[in-house]
Amino acid sequence: MKVGVVTFPGSLDDRDAARAVRECGGEAVPLWHGDDDLKGVDAVILPGGFSYGDYLRCGAIARFAPVMDALVPAAQGGLPVLGICNGFQVLTESHLLPGALIRNDHRKFNCVDQRLVVENASTAWTSDFEAGQEITIVLKNGEGGFVADEKTLDVLEGEGRVVFRYVPDAEGRNPNGSYRHIAGITNERGNVVGLMPHPEHAVEEGYGPSLDGRGFFTSIIKQTLESAATA
């Protein structure tokens, strides 16, 4: 099972994402931002970092990279895609997911072990979780506040497309001011998922706060293998 991991200029976590894929039993395939060839992969990860230096807006230039010319129609056709942190920003800029990510409301960079609640365990990337399950993975961002208009937020919630929520602190606040504590969302089809926290940093004993990140990668591997077996 081949998972492509895109490298943009400024990507920081592409190697971590590739390692997570391998740790969970998949084959990681490097994809270069300047190529429009997805190399026949079964799924794609857009990793965290600062693509193109976050010029203009986070993910705004990456949206026009040649690799996205191939990725956008493939995702619209059902290819599983996971956008992590900067990758989430790229997905919103590409209009594969709604909303936007803006500067944290406290204007500081986050780097914490963050508790999340799994809201949707039926996407391509979350089937190894259970709805209502609480997990802990790494959160590190400066522009992680998820925002959207009220109509969009109502649609996301009404259609079950909120995939993860932050567990708020004792004062009811989340780490970056995201509307309705939203940490991750999916498209209507459930094949495209974006989230701000970093599951690739929680897949190995002794590295990270837990092994909870493994569920993302085992989910897509199992789903792909099951689909191939029934094809």
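Tutor: Partly exposed means a relative accessible area between the buried limit, under 20%, and the exposed limit, over 50%. Keep that in mind here. This is a predicted model.

Student: Where does Arg19 fall, buried, exposed or partly exposed?

Tutor: Arg19 has a relative accessible area of 40%, so Arg19 is partly exposed. Glu23 has 34% and is also partly exposed.

Student: What joins Arg19 to Glu23?

Tutor: A salt bridge is called when a side-chain nitrogen of Lys or Arg lies within 4 Å of a carboxyl oxygen of Asp or Glu. For Arg19 and Glu23, the closest N and O atoms are 3.6 Å apart, and the pair forms a salt bridge.

Student: Where do Arg19 and Glu23 sit in the fold?

Tutor: Both are in helix 1, residues 14–23. They are four residues apart, about one turn of the helix.

Student: How many salt bridges does the rule give?

Tutor: The count comes to 14 salt bridges. Let us take another pair. Glu119 and Arg165 meet through their side chains at 3.1 Å, N to O.

Student: Why does the pair of Glu119 and Arg165 tie together parts that are apart in sequence?

Tutor: Look at the elements. Glu119 lies in the loop between strand 6 (110–118) and strand 7 (134–141), while Arg165 lies in strand 9 (residues 162–166), so the pair ties together parts 46 residues apart in sequence. Glu119 is partly exposed, at 35% relative accessible area.

Student: Which side chain does Arg180 meet in a salt bridge?

Tutor: Arg180 meets Glu157, at 2.7 Å from N to O. This pair, too, links distant parts of the chain. Arg180 is in the loop between strand 9 and strand 10 (182–186), and Glu157 is in helix 4 (residues 150–158), 23 residues apart.

Student: How accessible are Arg180 and Glu157?

Tutor: Arg180 has 26% relative accessibility and counts as partly exposed. Glu157, at 31%, counts as partly exposed.

Student: Which residues do salt bridges with shared partners join into one network?

Tutor: Glu119, Glu150, Asp154, Glu157, Arg165 and Arg180. Read them as one network, joined by salt bridges that share partners.

Student: Now the nonpolar surface. Which residues make the patch of about 310 Å²?

Tutor: Patch residues need over 30% relative accessible area and no salt bridge. Leu12, Phe50 and Phe109 make this nonpolar surface patch. Take Phe50: its relative accessible area is 38%, so Phe50 is partly exposed. Phe50 lies in the loop between strand 3 (43–46) and helix 2 (66–76).

Technical notes:
Residues numbered from 1 in each chain as written. Predicted model: local features only at pLDDT ≥ 70, side-chain atom pairs only at ≥ 80, totals over all residues. Heavy atoms only, no water. Helix = DSSP H or I, 4+ residues; strand = E, 2+ residues; numbered from the N terminus. Buried < 20%, exposed > 50% of the residue type's maximum accessible area, 1.4 Å probe, protein only. Patch = residues over 30% accessible without salt bridge, like charges linked within 9 Å, V, L, I, M, F, W, Y side chains within 5 Å. Areas by Shrake-Rupley, 256 points an atom, 1.4 Å probe, with all protein chains shown as cover.
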